[in-house]
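Good morning, everyone. Please bring the sequence and the model up on your screens.

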Amino acid sequence: MIHIFVAFLLVSTSLGPVLSLQSVPDSGHRQLQNCTLNPYKDIQKLRRVQAYLKKINKPASPDGDVIDCVPSHLQPAFDHPQLKGQKPLKPAVRPKGYNLTEAVSESFQLWRDTGESCPKGTVPIRRTTEQDILRASSVRRYGRIRRHVRRDSTGYGHEHAVVFENGDQYYGARASLSVWAPRVTNGYEFSLSQIWIISGSFGNDLNTIEAVVCSCFFQVSPELYGDNYPRFFTYWTSDAYQTTGCYNLLCSGFVQTNNKVAIGAAISPRSSYNGRQFDIGLMVWKDPKHGHWWLEFGPGLLVGYWPAFLFSHLRSHANMVQFGGEIVNSRSSGFHTSTQMGSGHFAEEGFRKAAYFRNLQTVDWDNNLVPLTNIHLKADRANCYDIRQGRNRVWGTYFYYGGPGRNVRCP
């Protein structure tokens, strides 16, 4: 491919000093306009892209057109110096007070709807393409969050509607999240719903684990995935998003143990306004024996774990847990974005119309699931996205959240 590209450049430069490309449609992605080719820089960029793809797309038997079944010991996590030569650990003991009575199906993702699966001893990994990387600002930044972090993050375009609890030592969190496909205005924005496990201060030493349902879904993120499907994703960092961590399995870190869940793959089915509602359980907790942070998705499906050595503060415990939604407001048109959070409707509309989290719990020092006792609500821009919390015997602690973004009260 590189040889063909070089030959094309040599012919092009012989015809004139500059080659300009007309607008070329690219399946709904960004279009190239008046792009001046620099032979040396373009070749170097292509080589970096191909080297990166070779590193993260391990040899595997493809499942469908985007999912590879990768031998467990060849997944990206085991490129890490502290994991080389090791194998995934056996499942951790779940917290006490846990039950599996809510779930009825193991198929929550589009790639499994056709009956596809990966054999034992492998893990399903969404294949990364050249188009995926080229949508990012650079190869180095692909799969990483571009932001500075502070508690009030609105100055950086990130807006939240969340419930959080702090003031204690936390060893995990659990909730069920309703699944929606929020509309995202442009490719540089995203909308997500997730659980945050946080330790440290909101400076250079912040440690977080983020387990989220993502349109980019729950996350819905056109820049990361190239479409508007809600997707199951994970994220972690140990230095406030500066140099460590990544989405999904795009760097060495998270160790996947499950052969039925593809991190980064589209979620199905989804809730519909005034129609049927679907939610998925998520739980993150610290294994009392080894100290690693485990992730469960759906009906008792243990997805894998973040090794304790990835973190500083989280090696011991978290000092905050947070549940809710987040969007990016780029103000690309000079006013507030119309990117939706949740269902795109405000919390006051309630069930079948607004998105929700239910059965919120944390994990204590003795590996017990316990209800939240010190709840705080925060909506960075309540006229754009809001939140309302409640409690009953069926849903325990719950909340509705979300909104349409730009409206008459949110210019």
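Start with Cys 246 and Cys 251. Both are buried. This is a predicted model, so keep in mind that the values I quote are computed from it. A disulfide joins Cys 246 to Cys 251, with 2.1 Å from S to S. Which hand does this link have? The torsion about the S-S bond is about -85°, so the disulfide of Cys 246 and Cys 251 is left-handed.

How many disulfides does the structure hold? The count is 3.

Go to Cys 69 and Cys 118. These two are joined by a disulfide, S to S 2.0 Å. The link of Cys 69 and Cys 118 is left-handed, with -80° about the S-S bond. Where do the two ends sit? Cys 69 is in strand 2, residues 67-71. Cys 118 is in the loop between strand 2 and strand 3, and strand 3 covers 122-126. The two cysteines are 49 residues apart in sequence, so the bond ties together parts separated by that stretch. Now, buried or exposed? Cys 69 has a relative accessible area of 9%, so it is buried. Cys 118 is at 4% relative accessibility, and that counts as buried.

Next, Cys 384 and Cys 410. They form a disulfide, with their sulfur atoms 1.9 Å apart. Here the torsion about the S-S bond is about 90°, so the disulfide of Cys 384 and Cys 410 is right-handed. The pair links distant parts of the chain, 26 residues apart. Cys 384 is in the loop between strand 17 (375-379) and strand 18 (386-392). Cys 410 is in the segment after strand 19 (396-402). Cys 384, at 3% relative accessibility, counts as buried. Cys 410 is buried too, with a relative accessible area of 2%.

What is the pairing? Number the bonded cysteines of the chain in sequence order, and it reads 1-2, 3-4, 5-6.

Now the rings. A pair of aromatic rings is described by the distance of the centres and the angle of the planes. A search of the whole structure finds 18 aromatic pairs. One of them is Phe 323 with Phe 357. Their ring centres are 6.5 Å apart and their planes are at 80°, so this pair is edge-to-face. It links distant parts of the chain. Phe 323 is in strand 14, residues 318-328. Phe 357 is in strand 15, residues 355-363. The two are 34 residues apart, and both are buried.

Stay on Phe 357. It also forms an aromatic pair with Tyr 401. That pair is edge-to-face, 5.5 Å centre to centre, with 70° between the planes.

Which residues form it? Phe 351, Tyr 356, Trp 395, Tyr 398 and Tyr 400.

Last, two arginines over rings. Arg 112 lies over the face of Trp 111, at 6.0 Å from the ring centre. Arg 409 has its charged end over the ring of Phe 346, 5.2 Å from its centre.

Technical notes. Residues are numbered from 1 along each chain as its sequence is written. This is a predicted model: local features need pLDDT of at least 70, side-chain atom pairs count only at pLDDT 80 or more; totals for chains, interfaces and linings use all residues. Side-chain values use heavy atoms; hydrogens and water are left out. A disulfide is a pair of cysteine sulfur atoms within 2.5 Å. Helices (H or I, at least four residues) and strands (E, at least two) are DSSP runs, numbered from the N terminus. Buried means under 20% relative accessible area, exposed over 50%, partly exposed in between (1.4 Å probe, protein chains only). Rings of Phe, Tyr and Trp (its six-membered ring) pair if their centres lie within 6.5 Å; planes under 30 degrees apart count as stacked, over 60 as edge-to-face and the rest as tilted. A charge sits over a ring if NZ of Lys or CZ of Arg is within 6 Å of the ring centre and within 35 degrees of the ring normal.
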